[in-house]
Amino acid sequence: DSLGHSSIDIMNIATSLNISIRTMQRRLNEEQTNFSEVYDEVRKQRALKIITHRSLSMSELSYHLGFNHITSFYTAFNKWTGQPPVQYRTELLASSP
């Protein structure tokens, strides 16, 4: 259930939906968004879901979310939550029963 490093890009997604890239871009534009924003949101929601898995290191989380570098994951996670992922995980686990 990983985003991993399988080529997730607009061309592959459009192809899998059997529509052209331009049609996909138009439809996303109609929703006042774009592929990058949607992909970022998917990564964010997935990160928030799996961050509590203690068995996954931050490097493994980064990989599962499709980041090429752990520093990119840290930057994105901090943008999403205002906290580094390690701190977020620690606080979340401390507040869980």
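Mentor: Let's start with a cut-off: a residue is buried when its relative accessible area is under 20%. Keep in mind that we're looking at a predicted model.

Trainee: Okay, so is Phe67 buried or exposed?

Mentor: Phe67 has a relative accessible area of 7%, so Phe67 is buried. Phe73 is buried too, at 1%. Tyr74 comes out at 29%, which makes it partly exposed.

Trainee: How do I read a pair of aromatic rings?

Mentor: Look at the distance of the centres and the angle of the planes. Seven aromatic pairs turn up in this structure. Take Phe67 and Phe73: the ring centres are 5.7 Å apart and the planes sit at 55°, so this pair is tilted. Phe73 also pairs with Tyr74, this time edge-to-face, with 6.0 Å from centre to centre and 80° between the planes.

Trainee: Which residues do ring pairs link into a cluster?

Mentor: That cluster is made of Phe67, Phe73, Tyr74, Phe77, Trp80 and Tyr88.

Trainee: And what sits over the ring of Phe67?

Mentor: The charged end of Arg43, 3.8 Å from the ring centre.

Trainee: What about the largest nonpolar core, how many residues make it up?

Mentor: Twelve, among them Ile51, Phe67, Phe73, Phe77 and Trp80. Helices H3 (35-50), H4 (58-64) and H5 (70-81) each give two or more residues to this core, and H5 gives the most, with four. There's also a second, separate core of six residues, including Phe35 and Tyr39.

Trainee: Back to Ile51: what is it in contact with, leaving aside neighbours within four places in sequence?

Mentor: Ile51 is in contact with Met58, Leu61, Phe77, Pro85, Tyr88, Arg89 and Leu92.

How values were computed. Residues are numbered from 1 along each chain as its sequence is written. This is a predicted model: local features need pLDDT of at least 70, side-chain atom pairs count only at pLDDT 80 or more; totals for chains, interfaces and linings use all residues. Side-chain values use heavy atoms; hydrogens and water are left out. Rings of Phe, Tyr and Trp (its six-membered ring) pair if their centres lie within 6.5 Å; planes under 30 degrees apart count as stacked, over 60 as edge-to-face and the rest as tilted. Buried means under 20% relative accessible area, exposed over 50%, partly exposed in between (1.4 Å probe, protein chains only). A charge sits over a ring if NZ of Lys or CZ of Arg is within 6 Å of the ring centre and within 35 degrees of the ring normal. A nonpolar core is a set of buried Ala, Val, Leu, Ile, Met, Phe, Trp, Tyr and Cys residues joined through side-chain atoms within 4.5 Å. Contact means heavy atoms within 4.5 Å.
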